[in-house]
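Visitor: I am new to reading protein structures. Could you walk me through one?

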Amino acid sequence: MLTEIGDVMRRSYEKGWITTRDGNISLRRKNSKTLYITPSGWRKAIIHPEHIVKCKINENNELIMPEGSKPSGELFMHYLIQRNAPTTRSVVHVHATNIVAAMYAGFSLPEIASHFPEIHRYTRVGASVSSVPALSHELAIETADNLCVKEDGSYEFDIVGQKNHGVCAIGKDPWDAYEHIERLDHICEIVLKGRMLL
Ligand SMILES: [Zn+2]
């Protein structure tokens, strides 16, 4: 599954959802105290398992980073979403072009999703995060809040947009999270093209 992290990064780069050093992915396996996360500043198209940073979540649910490591600047967002994961979970953050464009044009992502059965049958879209700075605690907290954690540690939503920035999706593995982004990006592209025709 660590190989999938690099594969999803490469696909996201090919799709134009990130420039070369953008985006981040984490993975936590069921019952594991290890949080795997992509490194900061690395060219994401050449990510392989040996580049991934291995953080620990201790018995007090605190994050311990390996000395000298450079995990993603969005580590806190990943930690908040992963700290109580009851099953294997991957979190993917990229700047999916059509989703960001649709938010910028003023569309509500949950409302768009409700018009298209191909997405709302498989992907639950939460309210978008307001325009807050990248790498900030506000972004991390609002993203985790809008995914809406349930009592059992699962989330009510699979994906939320982050205005003027990107998206954050969760899945049982990196490709599962990627598919939520791809579905939402596709219908955002359709909506934006439809609006141009009008
Ligand atoms: Zn970002």
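Visitor: Which residues does L184 touch, not counting residues up to four places away in sequence?

Guide: Contact means heavy atoms within 4.5 Å. By that rule, L184 touches I99, L109, I119, V125 and I159, with residues up to four places away in sequence not counted. A word on the source: this is a predicted model, where local features need pLDDT of at least 70, side-chain atom pairs count only at pLDDT 80 or more, and totals for chains, interfaces and linings use all residues. Residues are numbered from 1 along each chain as its sequence is written, and side-chain values use heavy atoms, with hydrogens and water left out.

Visitor: Which residues touch the most other members of the largest nonpolar core?

Guide: Start with the general idea. In soluble globular proteins, nonpolar side chains tend to be buried together. A nonpolar core is a set of buried Ala, Val, Leu, Ile, Met, Phe, Trp, Tyr and Cys residues joined through side-chain atoms within 4.5 Å. Buried means under 20% relative accessible area, exposed means over 50%, and partly exposed is in between (1.4 Å probe, protein chains only). Here the largest core has 34 residues, and I99, L109, I181 and L184 touch the most other members. Several elements each supply at least two residues, among them helix 1 (2-14), strand 1 (24-28), strand 5 (89-94) and helix 7 (174-197). Helix 7 gives the most, with 8 residues. A second, separate core of 22 residues includes L35, M77, Y79 and I81.

Visitor: Which residues of helix 1 are buried?

Guide: They are L2, I5, G6, V8, M9, R10 and S12. These buried residues pack against strand 1, strand 2, strand 5 and helix 7.

Visitor: What is the strand order of the open sheet?

Guide: Two strands pair if DSSP finds at least two bridges between them. The open sheet has 7 strands in the order 4-3-2-1-5-7-6, with antiparallel pairing. Strand 4 (63-64) and strand 6 (159-162) stand at the edges with a single partner strand each, so one side of each has no neighbour in the sheet. Strand 3 and strand 4 pair over 2 bridges in the antiparallel sense. There, I57 stands opposite L63 in strand 4. Helix 1 packs on this sheet, and its direction makes about 155° with that of strand 1. Such axes are lines fitted to C-alpha atoms, for helices over the stretch in contact, and angles run from 0 to 180 degrees between N-to-C directions.

Visitor: Is strand 1 mostly covered or uncovered?

Guide: Mostly covered: 5 of its 5 residues are buried. N24, S26 and R28 are on one side, I25 and L27 on the other. Strand 1 pairs with strand 5 in the antiparallel sense over 5 bridges, and I25 stands opposite V92 in strand 5. Strand 1 also pairs with strand 2 over 2 bridges, where S26 stands opposite I37. Strand 1 and strand 2 form a hairpin with 5 residues between them, and N31 in the turn has a positive phi of about 65°.

Visitor: Which residues are the protein donors of the zinc ion?

Guide: Donors are N, O and S atoms within 2.8 Å of the metal (3.2 Å for Na, K and Ca); water is not among the atoms, so sites may look incomplete. The protein donors here are H93 (NE2), H95 (NE2) and H165 (NE2), lying 2.1 Å from the zinc ion. Their spacing in sequence is H-x1-H-x69-H.

Visitor: Why does H93 count as buried?

Guide: H93 counts as buried because its relative accessibility is 1%. H95 counts as partly exposed, at 22%. H93 sits in strand 5. Its contacts include H165, G23 and N24.

Key
Helices (H or I, at least four residues) and strands (E, at least two) are DSSP runs, numbered from the N terminus.
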